[in-house]
Amino acid sequence: HALESPGETDQLLLGPAPRGFPGGSVVNNPPANIGDSRCRLHPWVGKIIWRRKWQPTPVFLPGEFHGQRSLVVAVYGTLSDLLSVASNKLGIKATSVYNGKGGLIDDIALIRDDDVLFVCEGEPFIGVLEEARFFGIDSLIEHLEVAIKNSQPPEDHSPISRKEFVRFLLATPTKSELRCQGLNFSGADLSRLDLRYINFKMANLSRCNLAHANLCCANLERADLSGSVLDCANLQGVKMLCSNAEGASLKLCNFEDPSGLKANLEGANLKGVDMEGSQMTGINLRVATLKNAKLKNCNLRGATLAGTDLENCDLSGCDLQEANLRGSNVKGAIFEEMLTPLHMSQSVR
């Protein structure tokens, strides 16, 4: 309904519907006066109780051609009365009333002068909007667009649970790339699951439990793994370019693929991670940040650490044979009990 109210009660005359509201009818033979000699109203228009002003209301039914489905009523009595009048006059079963901003009206006392109202059978406003655009009713288009926007259910950004994700896994072939890009798994327990080949690009996996999970060839590019637990996970051939794993635990992980496929963690944020005892032969850690990380007893043979920030990193007991440390920052790094001696050429530009 589109609601329009004059400033003074005793000055109201029912005439054509305002411009922009097709289907309004002119009262050619007004009835006898009701209370005031200057007030001429249609017979079924009654005076509003609670000493409220007269409120003639053009009513539009969503989904119908409003040229044939508009009328003027007075808002009075209860909300049920308003719905009953709209139902009888329009030949519909009106179930709800909305204001011009899409808010549901559950009490007639909430209706104010000059409000724009819509009566609905439960159908969406999209049909009315399309007709308003077709007929160029600009004043109605704006109200409908706001109403449609406000009537949409709120977006659900709650994290995906283990139970929900297992359903997806069971319905997906083993080697198919399940698309989980950008999804929210924050805090989820995904431990011991087969997550091979899944696309977790830009996904939120912060504080997740991924212990003993199989992430072979998974795509974790730009994913958020901060504070997550990946202890004993299989990370063969994993792609973690520019991912954020700050403060994560990756103890005893396996990055080494017998087929020669190398794990790629280039540009990753690995500040404060614990990777003690992990197998990382040939891993690509180029320009990654491992500041204050713990890499004790790791196998880093043939690893690419060029330009890597290893400040205050604990590399005690690591095997760095043939590892590329050119341009890396080793300020405060600990190189005690090395399995193989470092050659000067490994760190010279």
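Visitor: Which residues is Phe165 in contact with, leaving aside its neighbours within four places in sequence?
Guide: Contact here means heavy atoms within 4.5 Å. Leaving out neighbours within four places in sequence, the contacts of Phe165 are Ile160, Leu178, Cys180, Phe185, Leu190, Leu193, Leu195, Ile198 and Phe200.

Visitor: Before we go on, what sort of model is this?
Guide: Residues are numbered from 1 along each chain as its sequence is written, and side-chain values use heavy atoms, with hydrogens and water left out. Local features need pLDDT of at least 70, side-chain atom pairs count only at pLDDT 80 or more, and totals for chains, interfaces and linings use all residues, since this is a predicted model.

Visitor: Which residues touch the most other members of the largest nonpolar core?
Guide: A nonpolar core is a set of buried Ala, Val, Leu, Ile, Met, Phe, Trp, Tyr and Cys residues joined through side-chain atoms within 4.5 Å. Buried means under 20% relative accessible area, exposed over 50%, and partly exposed in between (1.4 Å probe, protein chains only). In the largest nonpolar core, with its 56 residues, the ones touching the most other members are Phe165, Leu195, Phe200, Phe255, Leu295 and Leu300.

Visitor: Is Ser96 buried or exposed?
Guide: Ser96 sits in strand β3, residues 96-99 (strands are DSSP E runs of at least two residues, helices H or I runs of at least four, numbered from the N terminus). Beyond four places in sequence, Ser96 is in contact with Leu83, Leu104, Phe118, Val119 and Cys120. Its relative accessibility is 13%, so Ser96 counts as buried.

Visitor: What does the side chain of Asn264 reach?
Guide: Asn264 is in the segment after α4, and with a relative accessible area of 19% it is buried. Leaving aside neighbours within four places in sequence, Asn264 is in contact with Val238, Lys239, Met240, Leu241 and Asn284. At 3.1 Å, its side chain reaches the backbone nitrogen of Glu266.

Visitor: What is the phi of Arg192?
Guide: Arg192 is in the segment after α4 and is exposed, with a relative accessible area of 60%. Phi is positive here in a residue other than glycine, with a value near 65°.

Visitor: How many disulfides does the structure hold?
Guide: A disulfide is taken as a pair of cysteine sulfur atoms within 2.5 Å. By that cut-off, the number of disulfides in the structure is zero.

Visitor: Which cysteine sulfur is nearest to Cys216?
Guide: Cys216 is buried, with a relative accessible area of 11%. It is in no disulfide, and the nearest cysteine sulfur, 3.7 Å away, is that of Cys217.

Technical notes. Polar contact = N/O pair within 3.5 Å; in protein donor to acceptor, adjacent residues only side chain to side chain.
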